[in-house]
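Please keep the structure open while reading the points.

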Amino acid sequence: MRQVAQLAGVSVQTVSNHVNGRHQYMAEGTRQRVADAMRELGYYPNLTARGLRSSETRTLGFLVLDQHARFLADPLTDLVLAGIGDVARDSDYGILIQSSRPTEPPDRLVTPLLQSRVDGAFLLLSGERSVREAHIARAAEITSEFLVFDEPINDPKIMSVRAADREGGRELASHLIGRGHERIAFVGAAVPWAVVEQRFAGFKDAIRAHGLELDPELVKMEAGWEPHSALPIAQGLLSMQDRPTAIMCSTDLLALATIHAARGLGFKVPEQVAVSGFDDFQFAHFASPALTTVRIPAYDMGREAARMLIAHLDTSEGPPAGAEQLEFPIEVVIRESA
């Protein structure tokens, strides 16, 4: 460490700060000089030994409860993880990904916390609400160093980050109603997710607020996250004798498949059936017709979640006075499809 300090022209304490991730004490240029000197000298600190001394692993857990085989391929999960990864990289933290299915006991998902393989963790959960709550409760029994995505959290000791999904569902449904649609279908996932529950709740809020009746035949919670899962659902809806004139999908991927199904049946979008999505993935603007949707800042949510958890872990600054529970605003993006 002394040789690194001499080569970089800094103190040994500055090198120690860099090795231990205390970058708030140094300028970016200083940090870069220390990193360059370490590479030149081939100096890599023994993280295992350091972990034994300090009880730190410099690793964050990304714990995902999802039954799908390709759960990390979901674009929303990908964006959240990208935001976490950027902040973790800049803070010299690694990321450990652990997955489990809603049918498995909570200890399977929180194994990295039980084995002290991570300093803190993010929870992204699917399954029935009682299942999700059981996983949150189990994590809370082990540590306070975790953050939950998407769930409305009432416990002031638990950190959380989510978007205003219910507001987004309400505003998007109100837009469709304002365009004259009264028979509006809702297509969502078969496996419960907090975001879909909230989007559907907002949809129902708008239906009630405008004095319309919710037809249970138009609510189809049967999809996966993959686009093809929406094809038979959309085909069934559009083949009804009293078909919907608008279909509100819980994700952009399902909305694209719905547009494809509508065209396959000879319907014009939006002239004969309006279709909307949710998330505003990059491709939504380039769809044909361009997709009306709700913008969710998933990447920014991941970045802020990582900042919050790492700040909570930074003992040099001390823990925050109370857990942060952030709700990101949404934006309804009106395009051609609805």
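1. There are 21 salt bridges, where a salt bridge means a side-chain nitrogen of Lys or Arg within 4 Å of a carboxyl oxygen of Asp or Glu. The model is a predicted one, in which local features need pLDDT of at least 70 and side-chain atom pairs count only at pLDDT 80 or more, while totals for chains, interfaces and linings use all residues. Residues are numbered from 1 along each chain as its sequence is written, and side-chain values use heavy atoms, leaving out hydrogens and water.

2. Asp86 pairs with Arg89 in a salt bridge whose closest N and O atoms are 2.9 Å apart, and both residues belong to helix α5 (residues 75-90), three residues apart, about one turn of the helix. Helices here are DSSP runs of H or I with at least four residues, numbered from the N terminus. Asp86 is buried at 19% relative accessibility, whereas Arg89 is exposed at 56% (buried is under 20% relative accessible area, exposed over 50% and partly exposed in between, with a 1.4 Å probe and protein chains only).

3. Arg170 and Asp205 form a salt bridge at 3.0 Å between the closest N and O atoms. This pair links distant parts of the chain, with Arg170 in helix α9 (residues 165-178) and Asp205 in helix α10 (residues 194-209), 35 residues apart. Arg170 is partly exposed at 31% relative accessibility, while Asp205 is buried at 14%.

4. Within helix α13 (residues 298-313), Arg307 and Glu304 lie three residues apart, and their side chains meet in a salt bridge of 2.7 Å, N to O.

Definitions and conventions. Helices (H or I, at least four residues) and strands (E, at least two) are DSSP runs, numbered from the N terminus.
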